[in-house]
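Hi,

Here is the structure I promised to pass on. Have a look at it first, and then read my notes below.

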Amino acid sequence: MNLEDTIYKRQSIRLYDDTPLDNQTLNEIRNFIENAKVLNPNIKWSYDILSTKNIRTIMRWKAPHYLVLFSEEKENYYQNIGFIFQQVDLFLQSKEIGTCWIGMASPKKYKNEDKNQKFIITIAFGKSPNNIKREINQFKRKDLDEISDKSDEKLVPAKLAPSASNSQPWYFTHNDDGSYDLYRVKLGIIRNKFVGKWNKIDTGIALAHLYVSNRDSFKFYKKDSPKELKGYYYDGSFII
Ligand SMILES: Cc1cc2nc3c(=O)[nH]c(=O)nc-3n(C[C@H](O)[C@H](O)[C@H](O)COP(=O)(O)O)c2cc1C
């Protein structure tokens with residue numbers, strides 16, 4: 001299955017075989033990561049693949065592998081990580097390998113070689129004893145007209161994107177020239193402290209689904225003076 005078709009089938013997996021993946025598969029994954037498209041080429045990022053014993057998590061389930069993700073702190077860095085690694089999530093699921101983004105897991109005693117990069121988030125992955133695919137009617141998502149100023153089928157891949165606690169914090173507006181603006185919901189102070197950063201990863205994830213579905217036309221940019229939308233932050237603009 002290709003990455004685009006995987007958007008309509010994937011789901012978060014929380015039941016894994018203990019058996020690790022073979023080295024050839026792990027190398028294919030590394031190779032995919034190193035060739036994934038980035039949103040912001042000026043931001044340094046890195047990753048490592050760790051086993052269960054090197055991960056601290058409050059999740060009651062365990063996976064044989066964890067991608068731990070790091071980035072420099074520059075404008076849009078959470079979105080950039082979401083964008084790159086949602087392509088990886090789709091790649092893994094297209095190969096029948098289960099995945100789950102986990103905000104609630106971090107590497108134990110890990111030192112990144114680049115001290116300017118901080119730990120961002122983890123993705124659990126591995127083979128599952130279950131069928132990891134689902135049907136389109138099993139997705140629990142907002143309707144298109146709740147996430148956009150106009151119901152637009154071109155936004156379906158974004159609508160299906162995974163997000164922390166399935167909060168789907170994105171809103172899309174249409175411009176007269178055919179481009180789109182992307183907004184992220186504003187949270188109260190307390191919620192922002194705990195989940196604000198995940199919402200930024202979420203909008204990057206939604207953009208990854210739009211890129212994978214429109215590889216030739218996708219372009220992302222930031223406007224200097226974007227339109228304000230009450231209750232939302234501007235997160236960027238794109239063409240698809
Ligand atoms: C940034 C982010 C953080 C997440 N953190 C967790 C987590 O800590 N634990 C968990 O079980 N699932 C976590 N998830 C998975 C979401 O709960 C899941 O993507 C969402 O409910 C939609 O379900 P789906 O991925 O099956 O479509 C996270 C997802 C994202 C995108």
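A quick definition to start: helices (H or I, at least four residues) and strands (E, at least two) are DSSP runs, numbered from the N terminus. Keep in mind that this is a predicted model, where local features need pLDDT of at least 70 and side-chain atom pairs count only at pLDDT 80 or more, while totals for chains, interfaces and linings use all residues. Residues are numbered from 1 along each chain as its sequence is written, and side-chain values use heavy atoms, with hydrogens and water left out.

Let's begin with helix H3. Just after H3, Glu 96 takes a positive phi of about 65°. Glu 96 sits in the loop between H3 and E4, and Glu 96 is partly exposed at 39% relative accessible area (buried means under 20%, exposed over 50%, partly exposed in between, with a 1.4 Å probe and protein chains only). As for H3 itself (residues 77-94), 18 of its 18 residues are buried, so the rest of the structure largely encloses it.

Lys 109 also has a positive phi, near 40°. You'll find Lys 109 in the loop between strand E5 (105-107) and strand E6 (117-126), and Lys 109 is exposed, with a relative accessible area of 85%.

Tyr 16 is another one to click on. It's in the loop between helix H1 (3-7) and helix H2 (23-35), and Tyr 16 is buried, at 8% relative accessible area. The C-alpha atoms of Tyr 16 and Asn 130 are separated by 8.4 Å, though the two residues are 114 apart along the chain.

Now the largest pocket. A pocket here is an open set of points on a 1 Å grid over the protein atoms alone, where a 1.4 Å probe fits, with protein on both sides within 12 Å along at least five of seven lines; lining residues have an atom within 4 Å of a point. Its lining has 26 residues, and those nearest the centre are Ser 12, Arg 14, Ser 163, Ala 164 and Ser 165. Strand E4 (98-102) and helix H5 (189-213) each supply at least two lining residues, with H5 giving the largest share, five residues. Where does the largest pocket lie? Domain 1 (3-126) and domain 2 (140-239) both give residues to the lining, so the pocket lies between them. Those domain bounds come from an automatic or database domain assignment.

Cheers
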